[in-house]
Amino acid sequence: MTPRTLRSHLYLPADNERFLAKAPDSGADAVILDLEDAVAPDRKAAALAGALRYLEDAAPGPERWVRVNGGDRGLAEIEAVASAHPDGVWLPKAEPGEWIGTAVAALGAAGIRPGILIESAAGLVGLPNLPPLPGDALTQLGEVDMAADLRMRDRSEEAMVPFRARIVLETAIRRLPQPVAPVDDRLGDAAAFRAGSVLLRDRGFGSRACIHPSQVPIVNEVFGIDPDELERARRVLEQHAERSGDGLGAYRDEDGRMADLATIRWARDLVGRAEGEQG
């Protein structure tokens with residue numbers, strides 16, 4: 001079964017019952033029950049207990065993902081949540097090595113979709129050397145940790161361009177879904193957040209992580225399917241079907257644009273995504 005397309009991923013500290021209670025009404029396509037960075041060291045056990053309670057609740061709502069910790073604690077958390085059947089598990093600070101291989105294998109054995117968080121120079125450069133990932137594995141760029149690892153003072157859009165481009169490139173090479181765009185921790189400027197989300201979408205990201213419910217509707221809009229674009233894709237496919245017997249590799253479509261095999265692929269992908277969401 002092909003997983004549905006996710007636009008928004010909302011991080012929630014799993015030890016905060018008030019936040020978890022509001023999660024089903026957040027509008028997010030997926031919630032990430034965070035056991036890692038958003039949880040104080042002495043609250044890790046409480047966070048795991050909170051995540052398990054949330055996962056065991058059968059009420060409908062967003063997809064349910066868990067971000068575990070690294071190392072032995074993370075492996076124990078994977079084992080603990082596996083029986084509750086989360087939709088996926090995010091593995092933090094992923095770099096080539098024994099831990100990531102063991103964690104990916106554990107998720108595969110449990111039939112759980114993996115999410116790979118790239119948050120360091122070693123993780124980004126080493127992405128080609130990670131263990132084989134299933135075709136539905138998600139990746140996400142953690143820019144806060146990445147900037148700290150690179151000792152950067154500047155975390156502007158311009159400064160992060162090379163690292164964003166690298167993860168888009170690497171996931172395309174491996175035929176993985178488009179990566180999840182990084183969070184924006186500067187709350188309070190919705191216009192800037194929307195503009196940044198549009199930029200990330202246009203540069204190859206397929207969805208975005210959120211740290212506040214107010215960001216979710218913006219992300220859903222930006223990373224959703226534009227009705228006008230979908231209509232154009234359908235027209236392109238209709239015209240391609242009409243011209244398929246002409247022996248033309250490329251032609252001018254009704255909008256005066258060149259249509260070739262790359263255009264057809266784009267149109268098929270978009271229409272297929274729309275049909276998948278409707279189904």
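Predicted model: local features only at pLDDT ≥ 70, side-chain atom pairs only at ≥ 80, totals over all residues.
I looked up the second largest pocket and got a volume of about 450 Å³. It has 25 lining residues, and Tyr11, Asp34, Arg67, Val183 and Ile211 are the closest to its centre. I then checked which elements build the lining: strand 1 (8–13), helix 1 (17–22), strand 6 (138–141) and helix 6 (143–149) each put in at least two residues. Strand 1 gives the most, with four. Sorted by class, I get 13 nonpolar, eight charged and four polar residues in that lining.

**Salt bridges**

I found 16 salt bridges in the structure.

With Arg67, the closest N and O atoms are 3.4 Å apart. Glu36 sits in the loop between strand 2 (30–34) and helix 2 (44–56), while Arg67 is in strand 3 (residues 63–67), 31 residues away in the chain. Both Glu36 and Arg67 are buried.

With Lys93, the closest N and O atoms of Glu36's pair are 2.7 Å apart. Lys93 is in the loop between strand 4 (88–91) and helix 4 (98–110), so this pair ties together parts 57 residues apart in sequence. I have Glu36 as buried because its relative accessible area is 7%, whereas Lys93, at 36%, counts as partly exposed.

Last, I looked at Arg201 and Asp202, a salt bridge with its closest N and O atoms 2.9 Å apart. Arg201 is partly exposed at 33% relative accessibility, and Asp202 is exposed at 53%.

Terms used: Residues numbered from 1 in each chain as written. Heavy atoms only, no water. 1 Å grid on protein atoms, 1.4 Å probe; cavity = no way out; pocket = protein on both sides within 12 Å on 5 of 7 lines; lining within 4 Å. Points joined across faces, edges and corners; volume = space filled by probe spheres on them. Nonpolar A, V, L, I, M, F, W, Y, C, P; charged D, E, K, R; others polar. Salt bridge = Lys/Arg side-chain N within 4 Å of Asp/Glu carboxyl O. Buried < 20%, exposed > 50% of the residue type's maximum accessible area, 1.4 Å probe, protein only.
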